[in-house]
Amino acid sequence: MPEARALGPVRLQIYRQLFAALAEEMGAALRRASYSPNIKERRDYSCAVFDGEGRVVAMGDHMPVHLGAMPLSVAAALALEPGPGDVVALNDPFRGGTHLPDITVVKAVFAEADGAGRARAESGRPLAYLAARAHHADVGGMAAGSMPLAREVFQEGLRIPPVRLVARGERQQDVWRLILSNVRTPEEREGDLEAQLAALVAGERRLAELVARRGEAEVVAAMAELREYGERLVRAGLERIPDGVYEAEDWMEDDGLVGGPYPIRVRVTVRGDEAVVDFTGTAAQATGGINAVTAITMSCVRYVVRCVVEALLGEPLPAGGGDLEAVRVVAPEGSLVAARPPASVAAGNVETSQRIADVLLLAFAQALPDRIPAQSQGTMNNLSVGGTDPRTGSAYAYYETVGGGMGAGPGADGLSGVHVHMTNSLNTPIEALEHAYPFRVRRYEIRRGSGGRGLYRGGDGLRRDLELLAEADVSLLTERRTRGPAGLAGGEEGAAGENRLLRGGAEQRLPAKVTFRARAGDVISVRTPGGGGWGAAPGPARSTAV
């Protein structure tokens, strides 16, 4: 490897934008080439760039819960020592993954480039690694959508350990056949996996062009200096937090099978430019699928620390966010935040991640009461539907998360009908949804009045009523159905969410977490929580949302 040379601040900022743009371009390529509405319309994917040792350099402006967990996925892939032309795929939550629908592909990129702009290697170590993760609408398991009420991970779908999907540029057909034979929608899954490979090709081409223009030594130096710069910013931000010990508690309402609640406790200790985030005291892992693996918990810590540091510094961190060496995380093994196999984990990635973020922000609010917002909706409102499309006679699998209310902050009302914290996706447009699936959207609106009152008001939730035109399997994984998100600094809590089934003119409440067989003509009504209010405000209590 050529000797790296130091860069000046101007050139470093140019590379900062180049690497971030590279990750964004990977995401754009993935989205354009994808088959499923979940990826193409909702943008449930993430892409990132890592250096030659597997340390994060840049991440796209994609899904926080994906991105913060990716370093462990890349580390697991590196154990196979991928060479030129290899692509490693994995989704195993206990070997670098998050939950089974999230399949990650990782490619090693070598420094030299051929005339077509492709990277190749005659000798030496990788220049970088590229990773692309996407949520696949079905990866098998006991229910369509692979997000069921399960007691163990084996019921949730196909587990893929780190394995070569492509070796020396050739598809490993046995591996592809194994994967595609265990899902309900193999053509769509193959198309989405190919789209992820296209994202890697796009990133590899841009890196090759960059090396051809600037040289390997400068590119390597830029990666290292960006990581170091991000780490210095993290430490500078931590130094602005008053030294102390800040504790908080929140809980998951239930696991869908045994009951609840399941407390999540955290103690954040800040000393100078370092912090310890300790989850000792958190509930043991649950029977139902609300268990978060260590990668999820690390992702939540990275997200919240980044938000706090950027708020204190008044400037964004580099897209990689540093190595977070200044923050030590203690997550007791076998707990809800560091589950052991064979725990079911489908909701750990989407629901428990939101609660971990909530409890971390509550802890930091003690240190920085004028910086931290009230609680946002605290759930992703997961809805999975699958069956046979009567229009085509083919199987389909639909997955979506539904936006809700953002918590108000010290100086602004919360936004309404948005995805918050660990998710950054969109709602599927009605036109795309009704075109792709045997559904009809009967109602889609803001839940007026569901945001908590306060000096600044919490954002309102959404109501989305989906009529099924044929019988289907339905799974709901939701939270904040018994108590709404808390306000802060005297603000009121937002309205809790509701799940309803409209059948034959009657309406009945559905549990927060449930898997059932629905009939043609049934309407699934998902009514999402509002955000908490910030600051006390006089006046009558808010109206009850519907």
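This report describes the overall build of a predicted model and then some of its local features.

## Basis of the model

The model is predicted; local features need pLDDT of at least 70, side-chain atom pairs count only at pLDDT 80 or more, and totals for chains, interfaces and linings use all residues. Residues are numbered from 1 along each chain as its sequence is written, and side-chain values use heavy atoms, with hydrogens and water left out.

## Overall build

The chain has ten helices and 22 strands. Helices (H or I, at least four residues) and strands (E, at least two) are DSSP runs, numbered from the N terminus. Along the principal axes, the C-alpha atoms fill a box of roughly 70 × 60 × 40 Å.

Of the 546 residues, 61% count as buried. Buried means under 20% relative accessible area, exposed means over 50%, and partly exposed lies in between (1.4 Å probe, protein chains only). Contact means heavy atoms within 4.5 Å. Among contacts between residues at least 6 apart in sequence, 73% join residues at least 24 apart.

## Aromatic pairs

A pair of aromatic rings is described by the distance of the centres and the angle of the planes. Rings of Phe, Tyr and Trp (its six-membered ring) pair if their centres lie within 6.5 Å; planes under 30 degrees apart count as stacked, over 60 as edge-to-face and the rest as tilted. The structure holds seven aromatic pairs. In one of them, Tyr 398 and Phe 439 have ring centres 5.0 Å apart and planes at 75 degrees, so this pair is edge-to-face. Tyr 398 lies in strand β15 (residues 395-400) and Phe 439 in strand β16 (residues 439-447), so that the pair links distant parts of the chain, 41 residues apart. Both residues are buried.

Tyr 456 and Trp 534 form a tilted pair, with 6.5 Å from centre to centre and 45 degrees between the planes. Tyr 456 belongs to the loop between β16 and β17 (461-468) and Trp 534 to the segment after β22 (523-527), so the pair ties together parts that are 78 residues apart in sequence. Tyr 456 is partly exposed, at 26% relative accessible area, whereas Trp 534 is buried, at 13%. Ring pairs also link Tyr 396, Tyr 398, Tyr 437 and Phe 439 into a cluster.

## Surroundings of Arg 503

Arg 503 is found in strand β19 (residues 498-503) and counts as partly exposed, at 23% relative accessibility. Leaving aside neighbours within four places in sequence, Arg 503 is in contact with Arg 517, Ala 518, Arg 519 and Asp 522.

## Backbone details

The peptide bond from Gly 260 to Pro 261 is cis, with omega near 5 degrees. Pro 261 lies in the loop between β10 (244-252) and β11 (262-271). Another cis peptide bond joins Pro 341 and Pro 342, with omega about 5 degrees.

Arg 168 is not a glycine, yet has a positive phi of about 55 degrees. Arg 168 sits in the loop between β8 (163-167) and β9 (170-171) and is exposed, at 75% relative accessibility. Asn 381 also has a positive phi, near 50 degrees, but counts as buried, at 0% relative accessibility.
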